[in-house]
Amino acid sequence: MVTTPNASSSITPQFQEALSKVKLRAKEIIKSEPENTWRPLLRNVAAQEGIDLDIKDLDLESFLDEAERSLDPSRVYRSGDKLQATESVFMLNGLIKLGEANVIIGQPKVGKSSFSTGLVAALRDKRQQFLGRDLLLPDQRMPVLIFGTDQSEGDWLHFLKRERLVTQDQALDGNAVDFFCSLESSNDYNFTREGLRNMRAEIEKHQLPLVIIDSLSSMMEPTGIEENTSRYAQPIRNAIRELRKTGATLLIIHHSVKRPTTWDWIVECRGSSSISSVFSWGVLMRWVAQEEDGLARTDRRVGFTGKGRGSAEAGGVMAEYQDEGGWSYLDGLEAAQQVERVGQRIMELGGVRAQVFDYLSMRTELRADVPAEEVASQLNKQQSAVTRELRALKQRGLAYICRKDGKRPFWQITEAAAAFMGHSALREPERVFDVSFVSLPQENIKNMEYNSQSSTTAVQPESKKTSSDDAVPSPNGASPIAVGTPVERFKDGCWENGWVVHDGQNRDRITIAKLGSQMVLIRNLRWGIDLRECSGSPFASAAKAEPTTEEFDF
């Protein structure tokens with residue numbers, strides 16, 4: 001709204017006439033002048049009319065917006081009129097729409113330019129698939145134009161060579177690329193009115209082409225509009241409207257925030273939120289694993305997810321760009337997304353719940369499952385409190401009941417949680433020992449059988465065994481010692497319990513881990529000399545066991 005120095009006085013006819021002249025000149029300025037000069041020139045017009053002190057910058061912007069809209073009137077339909085638009089289809093299934101404006105949002109150096117040149121190579125080679133998705137190939141060769149004003153010609157040459165889009169003498173492959181320009185042409189091709197005219201003139205030389213614009217920020221820089229302002233979207237909207245009239249499929253590359261935390265391009269799009277409102281379809285490219293800044297990247301997996309209006313999400317794609325060029329399809333993205341979501345929940349844990357999860361994680365790494373009473377004993381907590389925490393972890397997808405001994409559940413962390421922690425959960429371990437306290441008489445402890453694969457009681461007196469074939473093979477045989485086996489260590493003339501096998505492949509070089517402290521490892525121990533299978537409760541007791549040479553047959 002235009003204001004006057006004296007708010008109490010009414011707007012005079014002379015002021016209204018001057019204001020009309022300013023608005024009329026706004027249309028002339030938009031048609032003929034570079035966009036970054038629009039507001040200063042319109043301010044000069046207001047000064048010539050003697051009303052520059054009465055008009056704010058916000059008023060000038062509204063005049064310019066109104067002038068832009070009037071130059072391209074909207075298309076309206078009445079009852080019975082036939083709509084001219086057609087329903088969109090995918091050129092690259094779930095990722096790129098044919099004949100539409102597609103925005104590619106990606107982290108710095110994640111491979112946005114490599115993706116675009118890889119797509120061009122796939123079209124040239126008439127591949128049926130790209131990134132594991134079906135590629136819709138036209139009957140005639142699809143022309144390709146690259147407006148690469150974000151990088152120099154030398155930088156582009158690196159990507160073009162990798163995909164063999166140029167010959168040995170650096171000539172453009174005529175079967176792949178019909179037009180190319182780089183940073184040096186940014187003054188001629190951009191999203192100003194003049195730059196758009198030049199772009200459209202080039203695009204109209206070809207029939208239904210693929211137009212790659214890399215990047216949005218380089219195209220918008222000559223307009224002089226700040227990226228974080230809502231007015232930033234207006235030239236983009238004008239550009240899409242003008243270029244879509246040619247029938248081109250637009251692939252517009254833009255940057256995401258530095259460290260995306262979601263798989264939604266709308267959330268991760270850099271700049272004003274008005275940018276995302278312009279595009280009906282977009283794709284997010286980001287690293288699957290967010291590694292520390294400043295370090296050489298070791299995990300080079302890249303995830304792609306598409307989202308927009310009028311199409312259901314088709315799930316993500318996980319791929320990796322090869323050093324020699326070309327993308328290698330790896331898998332879908334659902335598992336990686338699940339691990340990331342679970343990782344965020346793990347990082348939010350605290351207090352007793354975090355302690356319960358850490359102990360459960362340690363036991364899972366040793367391929368063991370545990371009941372609530374064991375966790376309560378190790379953490380010195382009430383069993384009822386630990387049970388509540390275990391149920392809370394289950395509700396968050398961090399823990400699950402892997403088996404039951406009667407009505408007593410045994411717990412492990414989930415596979416997604418184990419993947420985030422760096423080890424794998426074992427749903428059906430070959431040998432997982434019930435390391436909870438048992439209420440059998442002391443003289444019967446040595447006659448126990450441990451077997452987590454059975455849903456029956458894990459502790460059975462020897463008299464109830466029906467066959468020697470049903471029993472777990474004795475560690476005294478020739479086979480390796482199973483990971484998670486409770487053992488006693490011979491130290492200072494005494495047998496000390498509270499240990500489990502961490503690596504038992506070589507009986508003469510066994511590694512054991514301390515219960516409750518997974519980082520405490522002792523290596524190079526010998527079976528039958530330094531170690532023996534636990535003869536009672538595996539938990540470390542305050543008093544050392546008496547020296548003995550008695551052998552137990554499990």
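Modeller: Asp405 and Arg408 form a salt bridge, with 3.4 Å between the closest N and O atoms. The model is a predicted one.

Biologist: What makes the pair Asp405 and Arg408 a salt bridge?

Modeller: The closest N and O atoms are 3.4 Å apart. The cut-off is 4 Å between a side-chain nitrogen of Lys or Arg and a carboxyl oxygen of Asp or Glu, so the pair qualifies.

Biologist: Why is Asp405 called buried?

Modeller: Its relative accessible area is 11%. Buried means under 20%, so the label applies to Asp405.

Biologist: And why does Arg408 count as partly exposed?

Modeller: Arg408 has 21% relative accessibility. That value falls between the limits of 20% and 50%, so Arg408 is partly exposed.

Biologist: How do you know whether Lys205 and Glu202 are buried or exposed?

Modeller: Lys205 has 59% relative accessibility, and exposed means over 50%, so Lys205 is exposed. Glu202 has 15%, which is under 20%, so Glu202 is buried. These two residues also form a salt bridge, at 3.3 Å between the closest N and O atoms.

Biologist: How many salt bridges are there in the whole structure?

Modeller: The search finds 23. One of them joins the side chains of Arg124 and Asp173, at 3.3 Å from N to O.

Biologist: Why do you say that the pair Arg124 and Asp173 ties together parts that are apart in sequence?

Modeller: Arg124 is in helix H4 (residues 112-124), while Asp173 is in the loop between helix H5 (153-162) and strand E7 (179-181), so the parts tied together are 49 residues apart in sequence. Both Arg124 and Asp173 are buried. A network of salt bridges links Arg124, Asp125, Arg127 and Asp173.

Biologist: What makes Thr305 buried?

Modeller: The relative accessible area of Thr305 is 9%, and the limit for buried is under 20%, so the label holds. Thr305 is placed in strand E11 (residues 301-308).

Biologist: Why does Val89 count as partly exposed?

Modeller: Val89 has 43% relative accessibility, which lies between 20% and 50%, so Val89 is partly exposed. Val89 lies in strand E1 (residues 89-92). With Leu98 and Leu136, Val89 forms a nonpolar surface patch of about 230 Å² accessible area together.

Terms used. Residues are numbered from 1 along each chain as its sequence is written. This is a predicted model: local features need pLDDT of at least 70, side-chain atom pairs count only at pLDDT 80 or more; totals for chains, interfaces and linings use all residues. Side-chain values use heavy atoms; hydrogens and water are left out. Helices (H or I, at least four residues) and strands (E, at least two) are DSSP runs, numbered from the N terminus. Buried means under 20% relative accessible area, exposed over 50%, partly exposed in between (1.4 Å probe, protein chains only). Patches are made of residues with over 30% relative accessible area and no salt bridge: like charges are joined within 9 Å, nonpolar side chains (Val, Leu, Ile, Met, Phe, Trp, Tyr) within 5 Å. Accessible areas come from the Shrake-Rupley method with a 1.4 Å probe; for residues, only the protein chains shown count as cover.
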